[in-house]
Number of protein chains: 2
Amino acid sequence: MSATIKDIARKVGVAPSTVSRVLSGKSKYYTPETEKKVKQAVEELGYKKNQAAVELVKKQSNVIAAVVSSVKTNFAGEIIDGIQAEASKNGYNLIVVYSGSADTEEQKKALLTVIERPVMGVLLLSIALSEDNLKLLDESNTPYCFLSMGFDDDRPFVSSDDEIIGYTATKYLIEHGHRKIGLVGLDKYPYTGRLRTAGYTRALLENGITPKQSWLEYGDYSYVAGELAMKKFGKDTEITGVVAASDLTAIGILNQARNFGLRVPQDLSIISIDGTEMCKIVQPQLTSISQNFYEMGVIGVRQIEQRVKTLNKTFESQCLVPIKISERQSVFCIE
Amino acid sequence: MSATIKDIARKVGVAPSTVSRVLSGKSKYYTPETEKKVKQAVEELGYKKNQAAVELVKKQSNVIAAVVSSVKTNFAGEIIDGIQAEASKNGYNLIVVYSGSADTEEQKKALLTVIERPVMGVLLLSIALSEDNLKLLDESNTPYCFLSMGFDDDRPFVSSDDEIIGYTATKYLIEHGHRKIGLVGLDKYPYTGRLRTAGYTRALLENGITPKQSWLEYGDYSYVAGELAMKKFGKDTEITGVVAASDLTAIGILNQARNFGLRVPQDLSIISIDGTEMCKIVQPQLTSISQNFYEMGVIGVRQIEQRVKTLNKTFESQCLVPIKISERQSVFCIE
DNA sequence: TTGAAAGCGCTAACAC
DNA sequence: GTGTTAGCGCTTTCAA
């Protein structure tokens, strides 16, 4: 097995504690001389710190864990980038574990691999935890924060304002002359889908438009959801503009519309929600409501930091990061 | 802090070792009665195992670590899926850490967060380690295996046969009547780029075509690399077909060609390498040489297993997984 | 079947 | 500055 500080201590002729001090850089407590000898022995023996031992005695570590609902969500990467950057800046390490979004058992496994060791905090990316798993998380006393996910109660999260997203997207279409506007791919019940739908409805109503049931196609934010919805709308739909639940959904709509022989945006305008790189690689490029995923990651790390420092669960912990409209080529002004 | 086995032991009125036995399911060494009492106490106290302590004494864990070169590579997700599935099947847990591909310091940090604790093995996804970091990895005595990455020496890896990839892609174009064939987006020096170029050249030569320097545009597998190369080729290029280093590169070529007013595939055929989902969401859908990334992940886990079990570094450890051609819509037969 | 005791590799008082 | 000591939470002999 690997060398330990004892081995080094023996080799150099000092006490293990001295080695420990050198290795932890407590520079007030050793001479440059010992430092040099120790460092050299470390090199020769190929010594590697055993973090398990360190964490056991210190009861805290500098690793932040991110639990991600699925490998495929295309914005997860941007959030992780943000987490990584901010973590790195502060000397923390990041580990991420993946978990099927739906399966409770898998969620639990992912959660356990993370909270069964002394991590400094856990960030949960757009993952809807079951009741049991939520309880698990609470009991673990590990600081945590949800990202790209909201709650009605007082759980800590950082996300975008989904009502505003729905509202802004719809309003944008209305301002471009659209009156018959579809909403596609949202899930019906949870927080996000509900709020976005509410925003959509508010925008319509405020502008004297009565929402029609047939304009609404729920789904799972996927490419296929977009395709399917467009098929249902049909080639001769009265709809002139549609709000898509995600970039992928928007592309599904786009391709299916094209297959119908519809021109985008002349015959059908599309505005998508998310604003990931995908918007820029399809033609026409997708106009989108862009979320600042990177920033969510950054703030998430800060939330964990706060919680570690203050040990105070009651400070303000729900945070909404601003969105913006990225005008590209998929919305047509029909005035 | 969290409850420990001592707390449970005290509460139930048994020794810590007994609690440990129950928790580890060594069912020969306790009565159902004690089991029940212990389990109940665990529940009431919200006890959570401290893996740091377990790993310290057992000196091994059931977590496999994956080091990924960047969040953005779009095939990393497929490899991770494969790893996850196989790991899960065998009761291992997966953690992944991200590392900038280029920066040596970042690589080192990523590597250390992983090998400084007793992981059972580490999988490195298409990451080119510096000499120092390679040494670090070797010294750690942790079993490892590179994925989607090859070597000339005897380091363990599982990958596709890059020479065959280059050859097959080029041959496919030739069989469809193309004689002037571009190669775009590969990096010039390392293993992958060199081999694919070799395969490309062999296919050309075997068919009596003399490769031209101007058909070759190196790059970094990115979208922009594709765009740039196409710009260099120009609107009036003699090239009728091109092999793209990655799906993203292919899309870059596609869009730039379109901007030139070229029709794909009638005026320009494109075959891309990788075959991720991206190929299916652009129009026309991209014909590709598809790599079996999922399988790479699966095999990677098995490699780690082998190495743990046999403790034998010398067994066959370089593995090539077969590729296939996915015919879609971006190659035109000009015969 | 259970308990007592040792020890994994490390850090953190405390004494010198 | 450095050594000695205790102990983090757990598993694992060894006895009983």
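Q: How many residues does the contact take from chain A and from chain B?

A: In this predicted model, the contact takes 46 residues from chain A and 46 residues from chain B.

Q: What area do chain A and chain B bury between them, and what part of it is on carbon and sulfur atoms?

A: The size of an interface is often expressed as the accessible area that is lost when the parts come together. Here chain A and chain B bury about 4,200 Å² between them, and 52% of that area is on carbon and sulfur atoms.

Q: How many salt bridges and how many residue pairs in polar contact does the rule find across the interface of chain A and chain B?

A: The rule finds five salt bridges across the interface of chain A and chain B, together with 18 residue pairs in polar contact, both residues being at pLDDT 80 or more. Several elements of chain A give two or more residues to the side that touches chain B, among them α5 (76–89), β2 (93–98) and α6 (104–115). The largest share of that side of chain A, six residues, comes from β2(A). By class, the side of chain A that touches chain B has 20 nonpolar, 12 polar and 14 charged residues.

Q: Which residue of chain A forms a salt bridge with B:Glu139?

A: B:Glu139 forms a salt bridge with A:Lys48, and the closest N and O atoms of the two are 3.2 Å apart. A:Lys48 and B:Glu139 also belong to a network of salt bridges in which A:Glu43 and B:Lys135 are linked with them.

Q: Which residues of chain A does a cis peptide bond join, with omega about 10 degrees?

A: Most peptide bonds are trans, and most residues other than glycine have a negative phi. A cis peptide bond joins A:Val264 and A:Pro265, with omega about 10 degrees, and A:Pro265 lies in the loop between α11 and β9 (269–274) of chain A. The peptide bond from A:Gln283 to A:Pro284 is cis as well, with omega near -5 degrees, and A:Pro284 is found in the loop between α12 and β10 (287–290) of chain A.

Q: Is A:Asp274 buried or exposed?

A: A:Asp274 counts as buried because its relative accessible area is 4%. A:Asp274 lies in strand β9 of chain A and has a positive phi of about 135 degrees, although it is not a glycine. In chain B, B:Ser148 has a phi near 55 degrees, a positive value in a residue other than glycine. B:Ser148 lies in the loop between β4 and β5 of chain B and is buried, with a relative accessible area of 13%.

Q: Which residues does B:Phe151 touch, not counting residues up to four places away in sequence?

A: B:Phe151, in the loop between β4 (144–147) and β5 (157–159) of chain B, touches B:Phe146, B:Phe157, B:Tyr191 and B:Gln318, when residues up to four places away in sequence are not counted. B:Phe151 is buried, with a relative accessible area of 16%.

Q: How many residues apart are A:Glu163 and A:Arg202, and what distant parts of the chain does the pair link?

A: The side chains of A:Glu163 and A:Arg202 meet in a salt bridge, at 2.8 Å from N to O. This pair, 39 residues apart, links distant parts of the chain, with A:Glu163 in helix α8 (residues 162–175) and A:Arg202 in helix α9 (residues 191–206) of chain A. A:Glu163 counts as buried at 17% relative accessibility, whereas A:Arg202 counts as partly exposed at 30%.

Notes
Residues numbered from 1 in each chain as written. Chains lettered and ligands numbered in written order. Predicted model: local features only at pLDDT ≥ 70, side-chain atom pairs only at ≥ 80, totals over all residues. Heavy atoms only, no water. Contact = heavy atoms within 4.5 Å. Buried area = accessible area lost by both parts, 1.4 Å probe. Salt bridge = Lys/Arg side-chain N within 4 Å of Asp/Glu carboxyl O. Polar contact = N/O pair within 3.5 Å; in protein donor to acceptor, adjacent residues only side chain to side chain. Helix = DSSP H or I, 4+ residues; strand = E, 2+ residues; numbered from the N terminus. Nonpolar A, V, L, I, M, F, W, Y, C, P; charged D, E, K, R; others polar. Buried < 20%, exposed > 50% of the residue type's maximum accessible area, 1.4 Å probe, protein only.
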